[in-house]
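Subject: Structure handover

Hello,

Here is the structure I promised to pass on. My notes follow below it.

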Amino acid sequence: MNVEEQIKEYISSQPESKRAEMQELHLRTLKLLPGCKLWFLDGKDGNDKIVSNPNIGYGFYTIKYANGTTRDFYKIGISANTTGISVYIMGIEDKKYLSETYGKKIGKASVSGYCIKFKTLKDINIDILEAVLRYRFELEL
C-alpha cells in the first residue's frame, strides 16, 4: 500500500465527525503545500509495538540528535487523538515561538513548543493555523 492509500485508510478509519475534519485539514494542507513529500507513520516501532498515534506528515526535515546522528522526518504532522486533532510543527528551535506568536490568535487550542492541539476545527482560526504551516515551510527557503 502506498503512502496516499495509507493516509486515505487512516482518515477513513476515524469516527465520522473527526473523519471529515481530518480530511478537510489534509486537503487544506496539500493545497497550501503543493508537491510536498507525504509521509504516513502507523505509530508502531520496529517491534510492531504501538508507541504513538498514527501521523500524516508533510514535507522533509532532517532531525539532528545531540549524539551526532540524524533522522529523516516530516516538517508538519497531523494526527487524531482521543479528544480531537494534533498538529505537529517540527524543527522550530525556539520552543516558545508557537505559543508566543500564535497562541492567543489561534482560538481554543493548546499550543506547546511543537504541537497545536484542538477539539474541532470550529474551535480555531484556520487562517492562523495555515500561517503556522506556511511559516514552518518558509524557515529554510
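How many residues lie between β3 and β4 in their hairpin? There are five, and glycine 68 in the turn has a positive phi of about 95 degrees.

Some ground rules. This is a predicted model, with local features needing pLDDT of at least 70, side-chain atom pairs counting only at pLDDT 80 or more, and totals for chains, interfaces and linings using all residues. Residues are numbered from 1 along each chain as its sequence is written, and side-chain values use heavy atoms, with hydrogens and water left out.

Helices (H or I, at least four residues) and strands (E, at least two) are DSSP runs, numbered from the N terminus. Two strands pair if DSSP finds at least two bridges between them.

**The hairpin**

Strand β3 covers residues 61-64. Strand β4 covers residues 70-73. The two pair in the antiparallel sense over four bridges. Lysine 64 has threonine 70 as its bridge partner in β4. Side chains alternate along β3. Tyr61 and Ile63 point to one face and are buried (under 20% relative accessible area; exposed is over 50%, partly exposed in between; 1.4 Å probe, protein chains only).

Six strands form an open sheet with antiparallel pairing. Their order is β1-β2-β5-β6-β8-β7. The edges are β1 (38-41) and β7 (110-111), each pairing on one side only. Within the sheet, β5 (residues 76-81) and β6 (residues 84-89) run antiparallel and are joined by six bridges. Isoleucine 76 is partnered with isoleucine 89 of β6.

**The helices on it**

Helix α1 (residues 3-12) packs on the sheet and touches β1, β2 (55-58) and β5. A contact here means heavy atoms within 4.5 Å. The direction of α1 makes about 55 degrees with that of β1. Axes are lines fitted to C-alpha atoms, for helices over the stretch in contact, and angles run from 0 to 180 degrees between N-to-C directions. Helix α2 (residues 16-32) lies across β1, β2, β5, β6 and β8 (115-118). Relative to β5, α2 runs at about 175 degrees.

The axes of α1 and α2 come within 8 Å and cross at roughly 145 degrees. From α1, the contact uses Ile7, Tyr10, Ile11 and Ser12. From α2, it uses Arg19, Met22, Gln23 and His26.

**Isoleucine 126**

This residue lies in helix α4 (residues 126-138). Isoleucine 126 counts as buried because its relative accessibility is 17%. Leaving out residues up to four places away in sequence, isoleucine 126 touches Leu25, Arg28 and Leu121.

**The pockets**

A pocket is an open set of points on a 1 Å grid over the protein atoms alone, where a 1.4 Å probe fits, with protein on both sides within 12 Å along at least five of seven lines; lining residues have an atom within 4 Å of a point. Points are joined across faces, edges and corners, and a volume is the space filled by probe spheres set on them.

The largest pocket holds about 270 Å³. It has 15 lining residues, and the closest to its centre are Leu41, Ser52, Asn55, Phe73 and Tyr74.

The second largest pocket has a volume of about 160 Å³. Its lining includes Ser17, Glu21, Thr83 and Lys119. Helix α2 gives the most to that lining, with four residues.

Best wishes
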